[in-house]
Amino acid sequence: MSTNVHVLHARDSLTMLRRNLLHARRYPSMTLQVALIPVFLLLLFVYVFGDALGTGIGQGGGRTAYLAYLVPGILLMTAGTGSVPTAVAVCTDMAEGIVARFRTMAISRPSILVGHVVGSVIQTVINLVLVTAVALAIGFRPDAGYGEWLAAGGLLVLFVLGLTWLSVALGLISKTPEGASNAPLPVAFLLPFVSSTFVPVDSMPSWIRWFAEYQPFTTVIETVRGLLTGTQIGHNGWMAVAWSLGITVLGFVWSLRLFDRDTR
């Protein structure tokens, strides 16, 4: 009996996943926008500020050195921006009443959210591959073997999963799709700027350095940077995994509770 229930959950989740991927294909504007923002920031900071910032970070100087420093942070920004469409899609489904319809059908309730999450993770992973390809095309040369690439990719996917579940919860508490599009912005855009994405945290004023050093984006960035470029990871490795798992659990539990309470 338990096996049959799990099979039904998996089947319903797959159906919802197909639905969300079809929506993304039919309305690609937001997906393209989310993919292009990190690429634009990568090109802007490398070709406009790269020489000056490369000298400032003290890693040999120049645009090439700064590109190697910047790419891991841009990958994390890609993960953050990828969470915005999820909040909008969840809020839109709730506001338009399609979820109320699903609740009257013989469909696993969690599968509605799982479809959103898995679909968003797939799209964000595609965006990560795109950004990595652009970085390689403009001269990024990582010092990493297959094991390091696999570890970095696994950590990025885990972090994306956490941000996606958090965005589902933010979409559920938003009253309108417009509000949902703004709800993830502090996480998606503010935290990456107050991290080691663009400059080392050691260069920041002391009153903000502590926060920047231990917030989730910095720990994941430094771990990915260490895996791909050979810099020291230190305590950031276990903290990155802990942050990613914690955000995933928080977003998952919060989303399910909100979804069960919501009567729209």
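This is a predicted model: local features need pLDDT of at least 70, side-chain atom pairs count only at pLDDT 80 or more; totals for chains, interfaces and linings use all residues.
Trainee: Where do I start with the largest nonpolar core, and which residues touch the most other members?

Mentor: The core here holds 55 residues, and Leu-42, Leu-70, Ile-74, Leu-76, Phe-159 and Val-224 touch the most other members. Helices H2, H4, H5, H6, H7, H8, H12 and H13 each give two or more residues to this core. H8, which spans 146-173, supplies the largest share, with 11 residues.

Trainee: Which residues does Leu-76 touch, apart from those up to four places away in sequence?

Mentor: Its partners beyond that range are Leu-156, Phe-159, Phe-217, Val-220, Ile-221 and Val-224.

Trainee: How do I read a helix such as H10, and which of its residues are buried?

Mentor: Look up the buried residues, then see how they are placed around the axis. In H10, residues 185-193, the buried ones include Ala-188, Leu-191 and Pro-192. These residues lie on the same side of H10, because they cover an arc of only 110° around the axis. The buried residues of H10 pack against H4, H5, H11 and H12.

Trainee: Is Thr-218 buried or exposed?

Mentor: Compare its relative accessible area with the cut-off: buried means under 20%. Thr-218 has 2%, so Thr-218 is buried. This residue sits in helix H12, and its side chain reaches the backbone nitrogen of Ser-196 at 3.4 Å. Leaving aside neighbours within four places in sequence, Thr-218 is in contact with Val-194, Ser-195, Ser-196, Val-201, Ala-212 and Glu-213.

Trainee: What is the relative accessible area of Leu-258, and which residues does Leu-258 touch?

Mentor: The same cut-off of under 20% applies. At 12%, Leu-258 is therefore buried. Leu-258 belongs to helix H13 and touches Ala-169, Leu-172 and Ile-173, not counting residues up to four places away in sequence.

Trainee: Now the largest pocket. What is its volume, and which lining residues are closest to its centre?

Mentor: Read the volume, then the lining. The largest pocket has a volume of about 550 Å³. Its lining has 23 residues, and His-23, Ala-24, Met-30, Pro-85 and Ala-89 are the closest to the centre. Helices H1, H2, H5 and H7 each give two or more residues to this lining.

Trainee: Which element gives the largest share of that lining?

Mentor: H5 does, with seven residues.

Note on methods:
Residues are numbered from 1 along each chain as its sequence is written. Side-chain values use heavy atoms; hydrogens and water are left out. A nonpolar core is a set of buried Ala, Val, Leu, Ile, Met, Phe, Trp, Tyr and Cys residues joined through side-chain atoms within 4.5 Å. Buried means under 20% relative accessible area, exposed over 50%, partly exposed in between (1.4 Å probe, protein chains only). Helices (H or I, at least four residues) and strands (E, at least two) are DSSP runs, numbered from the N terminus. Contact means heavy atoms within 4.5 Å. The arc is that of the directions from the helix axis to the C-beta atoms. A polar contact is a pair of N or O atoms within 3.5 Å; within protein, one must be able to donate a hydrogen and the other to accept it, and residues adjacent in sequence count only if both atoms are side-chain atoms. On a 1 Å grid over the protein atoms alone, a cavity is a set of points where a 1.4 Å probe fits but cannot get out, and a pocket is an open set with protein on both sides within 12 Å along at least five of seven lines; lining residues have an atom within 4 Å of a point. Grid points are joined across faces, edges and corners, and a volume is the space filled by probe spheres set on the points.
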